[in-house]
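This report covers selected side-chain contacts and backbone features. The sequence and model come first.

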Amino acid sequence: MRRMAKLRIVPFVLALALAAGACGSSSDGGSASNTTAAGATGTTVTLKDLKFNPDTLRVHAGDTVTWKWGESVLHNITAKDSSFKSDNKSDGTFTHTFDKAGTYNYECTLHSGMTGEVDVS
């Protein structure tokens, strides 16, 4: 009889777990990354396939953006206005806090055409 009761609970527990996962969260304490379109909101950019994803990001003044290496290729993040720059590396993360509104264009100086933009409001 106890075994039958446990089997009835399993579908309920699975449904609860799926519902909780659909709420979305971020392990870095920031907002979840949205990588679906140019002008995406969020705080995470992934470096993969020699691209920044998303390549355009909208954040608010005071937000911190994290760039996360998604492949074992040497990259850097270099602001065209020299306001921020990462080391050349092939894994890990780089973060920068944007204190002032504006448009910040950046690139990987090691890979021509690998560019991105952060729009800060």
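A salt bridge here is a side-chain nitrogen of Lys or Arg within 4 Å of a carboxyl oxygen of Asp or Glu. The model is predicted: local features need pLDDT of at least 70, side-chain atom pairs count only at pLDDT 80 or more, and totals for chains, interfaces and linings use all residues. Residues are numbered from 1 along each chain as its sequence is written, and side-chain values use heavy atoms, with hydrogens and water left out.

**Salt bridge**

Side chains of opposite charge can pair when their charged atoms come close. A search of the whole structure finds one salt bridge. Aspartate 119 pairs with arginine 58, and their closest N and O atoms are 3.4 Å apart. The partners sit in distant parts of the chain: aspartate 119 in strand β9 (residues 115–120) and arginine 58 in strand β4 (residues 56–59), 61 residues apart. Strands (E, at least two residues) and helices (H or I, at least four) are DSSP runs, numbered from the N terminus. Buried means under 20% relative accessible area, exposed over 50%, and partly exposed in between (1.4 Å probe, protein chains only). Aspartate 119 is buried at 17%. Arginine 58 is partly exposed at 42%.

**Aromatic pairs**

Rings of Phe, Tyr and Trp (its six-membered ring) pair if their centres lie within 6.5 Å; planes under 30 degrees apart are stacked, over 60 edge-to-face, and the rest tilted. The structure holds eight such pairs. Two of them share tyrosine 106.

| Pair | Centre distance | Plane angle | Class |
|---|---|---|---|
| Tryptophan 67 – tyrosine 106 | 5.3 Å | 80° | edge-to-face |
| Phenylalanine 84 – tyrosine 106 | 6.3 Å | 55° | tilted |

Tryptophan 67 lies in strand β5 (residues 64–69) and tyrosine 106 in strand β8 (residues 102–107), so their pair ties together parts 39 residues apart in sequence. Both of these residues, tryptophan 67 and tyrosine 106, are buried. Phenylalanine 84 lies in the loop between β6 (78–79) and β7 (93–97), so its pair with tyrosine 106 in strand β8 ties together parts 22 residues apart in sequence. Phenylalanine 84 is buried too, as is tyrosine 106. One aromatic cluster takes in Phe52, Trp67, Phe84, Phe94, Phe98, Tyr104 and Tyr106.

A charge sits over a ring if NZ of Lys or CZ of Arg is within 6 Å of the ring centre and within 35 degrees of the ring normal. Lysine 89 lies over the face of tryptophan 69, 5.0 Å from the ring centre.

**Asparagine 76**

Asparagine 76 lies in the loop between β5 and β6. At 1% relative accessibility, asparagine 76 is buried. A polar contact is a pair of N or O atoms within 3.5 Å; within protein, one must be able to donate a hydrogen and the other to accept it, and residues adjacent in sequence count only if both atoms are side-chain atoms. The asparagine 76 side chain makes one with the side chain of asparagine 88 (2.7 Å). It makes another with the side chain of threonine 109 (2.7 Å).

**Loop backbone**

A cis peptide bond joins asparagine 53 and proline 54, with omega about 0°. Proline 54 is in the loop between β3 (51–53) and β4. Aspartate 49 has a positive phi of about 55°, although it is not a glycine. Its place is the loop between β2 (44–48) and β3. Aspartate 49 is exposed at 55%. Leucine 50 lies in the loop between β2 and β3, and its phi is near 55°. Leucine 50 is partly exposed at 45%.
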